[in-house]
Amino acid sequence: MAFDYKKEYKEYYLPAKHPHIITIPPMNYLAVCGHGDPNLEGGEYKRSIELLYAIAFTLKMSKKSDYQIKGYFDYVVPPLEGFWWQDGQVQAIDYTNKDQFNFISAIRLPDFITRTDFDWAVKTATEKKCQDFSKVQFLSYDEGLCVQCLHLGSYDSEPATITAMSQHTTEQGYELDIQNPRYHHEIYLSDPRRCSEDKLKTVIRHPIKKSNS
């Protein structure tokens, strides 16, 4: 049976529906940086997702090629994630100004996949698909101490959940620590093409630190 990160690491991918404090360990990702409204057809965000999945599945299916990743095991490609921010906005995301979004689209990599494996996958996908995958990066990210919550509903209704997260953060003696390179983080557990808005499931994380007050 394929290893499924969502099932094996429920504390990261299937958290409670109420805000709670958690420490996230360092992880490696496939990542694409971009800018603009994520809902724009043909925009940078939608293109970034196509690039990510092409490389993610090149790595996953590599055991069927002549190239064998050392220590390979079968796994389910982890869910799509996104780090979001806006220039000039430090502690909050302005959902009414989506054309000013900056993002890093990301998919977690299994720990055994190295930068060398990543380079091979980019080269292989480029040759097989005759496309440019140079925007895809190998990202090592140490997220650390965070407040997180499972958000149910549309992406535009996230502010209510974020308000509850901020309140919980303060009550527990912490404060937000959203600053480069610690960003508003979302993990998408539902496919919006196949799910109604009211049933969307999204993990929301905010970096925090101990309050000085």
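The model is predicted, so local features are taken at pLDDT of at least 70 and side-chain atom pairs at pLDDT 80 or more, while totals for chains, interfaces and linings use all residues. Residues are numbered from 1 along each chain as its sequence is written, and side-chain values use heavy atoms, with hydrogens and water left out.

Helices (H or I, at least four residues) and strands (E, at least two) are DSSP runs numbered from the N terminus. H3 covers residues 44-60, and its 17 residues reach 24 Å from first C-alpha to last, close to the 24 Å expected at 1.5 Å a residue; that expected span is 1.5 Å times one less than the number of residues. Its buried residues include Tyr45, Leu51, Leu52, Ile55 and Lys60, where buried means under 20% relative accessible area, exposed over 50% and partly exposed in between (1.4 Å probe, protein chains only). The buried residues of H3 pack against strands E2 (27-35), E3 (80-86) and E4 (101-108), as well as H4 and E8, with contact meaning heavy atoms within 4.5 Å.

Salt bridges come next: there are 9 of them in the structure, each a side-chain nitrogen of Lys or Arg within 4 Å of a carboxyl oxygen of Asp or Glu. One of them joins Lys98 and Asp156 at 2.7 Å, N to O. Lys98 sits in the loop between E3 and E4 and Asp156 in the loop between strand E6 (144-152) and helix H5 (158-171), so this pair ties together parts 58 residues apart in sequence. Lys98 is buried, at 17% relative accessible area, whereas Asp156 is partly exposed at 48%. Glu175 and Lys209 also meet in a salt bridge, at 3.8 Å, N to O. That pair links strand E7 to strand E9 (residues 201-210), 34 residues apart. A further bridge, at 2.9 Å, N to O, pairs Arg193 with Asp191. Salt bridges with shared partners join Asp191, Arg193 and Arg194 into one network.

The peptide bond from Asn180 to Pro181 is cis, with omega near 5 degrees, and Pro181 is found in the loop between strands E7 (174-176) and E8 (184-188). Cys130, in the loop between helix H4 (115-129) and strand E5 (137-141), has a positive phi of about 55 degrees although it is not a glycine. Cys130 is exposed, with a relative accessible area of 71%.
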